[in-house]
2 protein chains.
Amino acid sequence: MRDFSGDHRWLSINTATVRKQGDLVQIAEACARHGIRGVSPWRDQVAAVGLERAVRAVRENDLALSGYCRGGMFPAGPDQRGEARDDNRRAVDEAVALGAPCLVLVVGGLPQYSRPGSPETKDIAQARTQVEDGIAELLEYARGANLPLAIEPLHPMYAADRACVNTMRHALDLCDRLDPAGSGALGLAVDVYHVWWDPELEAQIRRAGRNRLLAFHVCDWLVPTTDLLLDRGMMGDGVIDIPRIRGWVEECGFAGFSEVEIFSNRWWGLPMDEVLRTCIARHRSAV
Amino acid sequence: MRDFSGDHRWLSINTATVRKQGDLVQIAEACARHGIRGVSPWRDQVAAVGLERAVRAVRENDLALSGYCRGGMFPAGPDQRGEARDDNRRAVDEAVALGAPCLVLVVGGLPQYSRPGSPETKDIAQARTQVEDGIAELLEYARGANLPLAIEPLHPMYAADRACVNTMRHALDLCDRLDPAGSGALGLAVDVYHVWWDPELEAQIRRAGRNRLLAFHVCDWLVPTTDLLLDRGMMGDGVIDIPRIRGWVEECGFAGFSEVEIFSNRWWGLPMDEVLRTCIARHRSAV
């Protein structure tokens with residue numbers, strides 16, 4: 001297991017972590033200022049400054065990407081399907097332009113939340129079928145662009161509105177069916193926030209193996225958690241044994257960035273430099 | 001599948017649903033007034049009126065119990081273990097006195113939350129071992145009292161502080177190990193709120209079978225959910241396909257009460273009679 005205590009060369013900042021404190025260009029500059037080598041941008045932050053300016057900000061600040069957030073939201077009504085497909089292809093194109101190693105997929109929940117305007121339903125099994133079909137279709141396009149897709153299983157509390165793939169087992173079942181050869185074109189983004197509770201976590205990480213471990217995200221689970229979406233904790237402030245999980249991932253050969261992704265009203269309320277300094281300190285002490 | 005549309009003879013009210021509107025005696029009387037035949041009381045509500053008075057309220061109002069809430073909270077520090085064991089034995093005794101068909105087990109999360117005062121830890125695997133040992137020990141006592149124990153897998157968002165058994169699969173693995181014969185002494189309480197998202201739900205319900213399906217709880221998952229604990233929805237107001245899940249449970253031979261358990265600041269703010277009338281209507285239309 002790599003020793004993170006002496007430096008932060010394997011730290012990446014998911015740009016949502018400081019989305020309220022500046023635009024993507026300012027975030028890229030701040031990361032460079034703090035000696036942070038990796039970022040993972042969100043599409044809306046790229047769109048806000050324009051793709052070209054975003055590409056330039058990444059290059060000018062010598063940043064590598066640990067991923068691109070995000071494609072997905074596959075479940076859709078008949079009138080929303082074309083939009084979903086086109087939107088996901090654009091996400092692939094943007095990821096390629098930015099030099100991302102993978103496109104992270106948040107697969108979507110029930111169609112009325114995944115693609116607003118879609119007819120209401122409670123049929124989560126059907127949503128899961130649409131997810132599988134959607135990934136299959138996008139995978140062809142992404143293979144053509146030589147861009148791996150990383151399915152991110154989300155915590156079950158997001159099953160209805162954000163992602164109906166909620167366990168490593170489910171995500172890997174999809175990988176087995178859609179890319180049985182394990183070519184590396186389809187894999188997982190493992191975020192400790194979403195999967196830490198799973199009694200099968202260690203076994204499923206081993207099952208994924210190096211070819212399917214495409215990204216590793218960290219933050220912490222707070223007790224109490226006061227908001228389902230915007231109360232993620234800084235590493236070390238919660239109950240997740242992050243080093244233990246990182247150990248399992250690295251035993252499989254994963255040697256990429258440890259990406260900090262924190263959606264938090266608390267951390268969004270602090271100055272960007274203070275948040276980044278804290279990320280660096282916790283990357284060294286708690287990851 | 002039983003037809004619930006014409007009457008509410010299979011409706012049971014978990015007394016937490018109206019805990020703010022009256023004490024256990026008042027709740028029992030209100031249920032009788034509305035022709036509700038079943039209740040599932042909580043221990044603190046029983047303690048507040050005294051066990052004898054609670055037993056009398058159940059008898060005088062001709063109520064059956066669909067369960068007793070709750071035993072568990074097994075993970076504990078060395079100094080808290082004796083208390084945990086004694087407390088759980090008292091819960092068994094109370095359940096027997098009240099005529100409950102089972103004691104529902106909320107197994108506990110990390111020891112510092114399960115039994116306050118216990119040393120802090122992030123070792124959820126160790127907590128799970130303590131849960132298994134705790135159930136094994138209590139099972140002996142409960143067998144002596146002829147009282148089945150019903151493990152309730154809780155939603156993964158409660159893994160840290162309430163229950164580290166979060167899936168049907170995990171709960172059934174425990175049943176297989178602790179009661180391999182499937183004697184009926186150990187089984188599950190299936191609450192749709194906790195398990196609706198699980199892609200293995202149907203398969204695991206079939207695996208449980210009649211002998212291990214000891215209780216069936218309903219409410220609904222709201223989108224958005226504004227509080228992790230106190231924003232459960234009334235049946236029909238959310239996204240859970242409750243009749244589908246009830247169908248699976250009944251295909252296995254379950255023919256007991258459908259127990260409404262709603263923790264909700266919204267419903268706690270309404271008059272008891274209005275809440276019970278709504279439970280009856282939704283039991284008929286949405287369960």
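Mentor: B:C175 is buried in this predicted model, its relative accessible area being 0%. The closest cysteine sulfur to that of B:C175 belongs to B:C102 and lies 12 Å away, which is too far for a bond; a disulfide would require the two sulfur atoms to be within 2.5 Å. Over all chains, the structure holds 0 disulfides. In chain A, likewise, A:C175 takes part in no disulfide, and the nearest cysteine sulfur, that of A:C102, is 12 Å away. A:C175 is also buried, with a relative accessible area of 0%.

The relation between the two chains deserves attention next. Chain A is superposed on chain B by a rotation of 180° with 0.0 Å of shift along its axis, and the RMSD is 0.0 Å. This is the relation of a two-fold axis. Of the interface residues of chain A, 100% are also interface residues in chain B, so the copies meet through the same surface.

The aromatic residues complete the picture. In chain A, A:R37 lies over the face of A:W10, 5.4 Å from the ring centre. In chain B, B:R37 lies over the face of B:W10, also at 5.4 Å from the ring centre. A cluster linked by ring pairs is formed by A:Y193, A:W196 and A:W221.

Conventions
Residues are numbered from 1 along each chain as its sequence is written. Chains are lettered from A and ligands numbered from 1 in the order in which they are written. This is a predicted model: local features need pLDDT of at least 70, side-chain atom pairs count only at pLDDT 80 or more; totals for chains, interfaces and linings use all residues. Side-chain values use heavy atoms; hydrogens and water are left out. Rings of Phe, Tyr and Trp (its six-membered ring) pair if their centres lie within 6.5 Å; planes under 30 degrees apart count as stacked, over 60 as edge-to-face and the rest as tilted. A charge sits over a ring if NZ of Lys or CZ of Arg is within 6 Å of the ring centre and within 35 degrees of the ring normal. Copies are superposed by least squares on the C-alpha atoms of residues with pLDDT of at least 70 in both. Contact means heavy atoms within 4.5 Å. Buried means under 20% relative accessible area, exposed over 50%, partly exposed in between (1.4 Å probe, protein chains only).
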